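Biologist: I am new to this one. Please walk me through it, one question at a time.

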Amino acid sequence: EHGLLRGYYGSDKDITLPYAARIITSSSFERCRLFVESINLKNAGKIIAGRFGAFSNCPNLKTVRIPETVKEVTPDMFYNCPNLTVYVRRSQVSADFEERFTGKDIIYLDE
């Protein structure tokens, strides 16, 4: 809706967002938290964490690819995602990202 992804209602474990999805909110993946395994954000421009992170409480989430178009990534976005490897550029993450990230791994795309 006008670039805002209100929610994912599919059943695929591996999600690739359409190019029109530019704004991701804390409720965007609420309905698939327990089964989603990977998310490719394509050209999302902003991730709004809200009370819970946009990808929080996704125990089976293994991969999130953050596009260059997202300017700020914080560890709160991935709360309680123990199996997660996030693909991101170092310039996108907050200063405390590595220290507070509770997932499995961080892969910096610019190294």
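Predicted model: local features only at pLDDT ≥ 70, side-chain atom pairs only at ≥ 80, totals over all residues.

Biologist: In what pattern do the helix and strands follow each other along the sequence?

Modeller: The protein has one helix and eight strands. Read along the sequence, they give the pattern β-β-β-β-β-β-β-α-β.

Biologist: How does the radius of gyration compare with the globule rule?

Modeller: The C-alpha trace spans about 35 × 25 × 25 Å along its principal axes. As for the fold of one helix and eight strands, the globule rule gives 13 Å for 111 residues, and the protein is close to that, so it is as compact as a globular protein of that length. Its radius of gyration is 13 Å.

Biologist: What share of the residues is buried?

Modeller: A residue counts as buried under 20% relative accessible area. The protein has 111 residues. Of these, the buried ones make up 44%.

Biologist: How far apart are the mean positions of the positive and negative charges?

Modeller: There are 15 positive and 14 negative charges in the protein. The distance between their mean positions is 5 Å.

Biologist: How many disulfides does a search of the whole structure find?

Modeller: A disulfide needs two cysteine sulfur atoms within 2.5 Å. The search covers the whole structure, and its count is zero. Cys32 is in no disulfide, and its nearest cysteine sulfur, in Cys58, is 6.4 Å away. For Cys81 the closest cysteine sulfur also belongs to Cys58, at 4.8 Å, too far for a bond, and the number of disulfides found is zero.

Biologist: Is Cys81 buried or exposed?

Modeller: The cut-off for buried is under 20% relative accessible area. Cys32, with 1%, is buried. Cys81 has a relative accessible area of 0%, so Cys81 is buried.

Biologist: What is the phi of Asn57?

Modeller: Most residues other than glycine have a negative phi. Asn57 lies in the loop between strand S5 (46-47) and strand S6 (63-65). Its relative accessibility is 29%, so Asn57 counts as partly exposed. Asn57 is not a glycine, yet its phi is positive, at about 60 degrees.

Biologist: Where does Asn80 lie?

Modeller: Phi of Asn80 is a positive value, near 60 degrees, in a residue other than glycine. With a relative accessible area of 39%, Asn80 is partly exposed. Its place is the loop between S6 and strand S7 (85-88).

Biologist: Which residues is Thr102 in contact with, leaving aside its neighbours within four places in sequence?

Modeller: Thr102 sits in the loop between helix H1 (97-100) and strand S8 (105-108). From Thr102 to Tyr79 is 23 residues in sequence and 6.9 Å in space, C-alpha to C-alpha. With those sequence neighbours left aside, the contacts of Thr102 are Phe78, Asn80, Cys81 and Pro82.

Biologist: Is His2 buried or exposed?

Modeller: His2 is in the segment before strand S1 (4-5). The cut-off for exposed is over 50% relative accessible area. His2 has 83% relative accessibility, so His2 counts as exposed.

Biologist: How far apart in space are His2 and Ile39?

Modeller: In sequence, His2 and Ile39 are 37 residues apart. In space, C-alpha to C-alpha, the distance is 20 Å.

Key
Residues numbered from 1 in each chain as written. Heavy atoms only, no water. Helix = DSSP H or I, 4+ residues; strand = E, 2+ residues; numbered from the N terminus. Rg over C-alpha atoms; globule rule 2.2 N^0.38 Å. Buried < 20%, exposed > 50% of the residue type's maximum accessible area, 1.4 Å probe, protein only. Lys, Arg positive; Asp, Glu negative; His and termini not counted. Charge placed at Lys NZ, Arg CZ, Asp CG, Glu CD. Contact = heavy atoms within 4.5 Å.
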